[in-house]
Amino acid sequence: MTEHAHRGEPLDAVDRRIVAELSRDGRLSVRTLADLVHISRTAAHNRLQHLQQRGVITGYGAQIDRRSIGLVVSALVVVRVAEVPWEQIARQLAALPFVEKVQAVSGDMDLILTVSAPDHEQLSQAILRDIHDLPGVVSTRSHLILDEVTGSPPAQSLGTWRA
C-alpha cells in the first residue's frame with residue numbers, strides 16, 4: 001500500500017476536529033488533543049498515525065513572521081514557462097534562495113511564486129537573475145506585496161464542509 005493510498009477517503013467528524021485543533025496548535029500533546037476532541041489517548045494516537053499515513057497531516061512546523069527574520073520585502077512573481085515540464089521547473093524554482101512557494105495555476109500564466117528577501121536589491125537579483133535565467137522560463141511579472149492579512153487555515157473550516 002502506498003503512502004497516499006487512502007487520500008480520497010473522507011474525514012469523519014472526529015478526524016476533522018483533530019485536524020482543526022492541530023491547525024490551531026501543532027504542538028498539542030496527544031493527551032491534550034484527546035481531551036479537546038473527547039476521545040481516549042489511544043484513539044487519538046491511532047487516528048494521528050492514520051492521518052499521517054493517509055497524507056492528511058504532512059508535517060508539523062512553526063509559522064514564522066518573515067519580517068522578524070529580516071525578510072522585509074516580498075513579491076508574487078508570475079512565471080510563464082515553455083519547453084520544460086512544469087514539475088521539473090517548479091522543483092528548480094522552489095530550490096532557489098528566497099523562493100517560499102511555487103504554485104501551478106490556470107490561465108495565461110503557468111506558475112506563481114512567493115519570493116521574500118532582505119531588501120529590494122536581493123529581491124531583484126532573485127527575480128531577474130535566479131528565476132528569469134532558468135532554462136524554460138519565458139517571462140516573469142512581479143507584484144510587490146504591500147501588506148497581507150492571514151485567514152484561517154483550511155483545516156479550521158472542516159466543520160463547515162458537507163461530507
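**Across from Leu-113 of strand 3 stands Val-102.** This close-up comes from a predicted model, in which local features need pLDDT of at least 70 and side-chain atom pairs count only at pLDDT 80 or more, while totals for chains, interfaces and linings use all residues. Numbering starts from 1 along each chain as its sequence is written, and side-chain values use heavy atoms, with hydrogens and water left out. Strand 2 (residues 99-104) is joined to strand 3 by five bridges, and the two run antiparallel. Lys-101 is another residue to look for here, standing opposite Thr-114 in strand 3. Helices (H or I, at least four residues) and strands (E, at least two) are DSSP runs, numbered from the N terminus. Strands 2 and 3 make a hairpin with six residues between them. In its turn you will find Gly-107, whose phi is positive, about 100°.

**Four strands make up an open sheet in the order 2-3-1-4.** Their pairing is antiparallel; two strands pair if DSSP finds at least two bridges between them. At the edges are strand 2 and strand 4 (137-144), each of which pairs on one side only. From one strand to the next, the twist averages 20°. Helix 4 (residues 86-94) packs on this sheet and touches strand 1, strand 2, strand 3 and strand 4. The direction of helix 4 makes about 165° with that of strand 2. Angles run from 0 to 180 degrees between N-to-C directions, and axes are lines fitted to C-alpha atoms, for helices over the stretch in contact.

**Strand 3 (residues 111-117) is mostly covered.** Of its seven residues, six are buried, where buried means under 20% relative accessible area, exposed over 50% and partly exposed in between (1.4 Å probe, protein chains only). Strand 1 (residues 73-81) pairs with strand 3 in the antiparallel sense over seven bridges. Val-78 is the residue opposite Ile-112 in this view.

**Ile-112 has its place in strand 3.** Leaving aside residues up to four places away in sequence, Ile-112 touches Leu-76, Val-77, Lys-101, Val-102, Gln-103 and Val-105; contact means heavy atoms within 4.5 Å. Do look at Ala-90 too: Ile-112 and Ala-90 are 22 residues apart in sequence, yet 9.8 Å apart in space, C-alpha to C-alpha.

**Helix 1 (residues 13-24) and helix 2 (residues 30-37) cross at roughly 125°.** The axes of this pair come within 10 Å. The two helices are therefore oblique to each other; angles under 35 degrees count as roughly parallel, over 145 as roughly antiparallel, 65 to 115 as roughly perpendicular and the rest as oblique. Helix 1 brings Val-14, Arg-17, Ile-18, Glu-21 and Leu-22 to the contact, and helix 2 brings Leu-33, Leu-36 and Val-37.

**Helix 1 also packs with helix 3 (residues 41-53), at an angle of about 80°.** Here the axes are 11 Å apart. The angle makes helix 1 roughly perpendicular to helix 3. On the helix 1 side, look for Val-14, Asp-15, Ile-18, Val-19 and Leu-22; they meet Arg-47, Leu-48 and Leu-51 in helix 3.

**His-38 sits in the loop between helix 2 and helix 3.** With a relative accessible area of 68%, His-38 is exposed. If you trace back along the chain, Val-14 is 24 residues from His-38 in sequence but 8.8 Å from it in space, C-alpha to C-alpha.

Glu-83 is exposed, and its relative accessible area is 85%. Phe-98 is partly exposed, at a relative accessible area of 28%.

**To finish, step back to the protein chain, with its five helices and four strands.** Along the sequence these follow the pattern α-α-α-β-α-β-β-α-β. The chain has 163 residues, of which 30% are buried. Among its contacts with a separation of 6 or more, 65% are between residues 24 or more positions apart.
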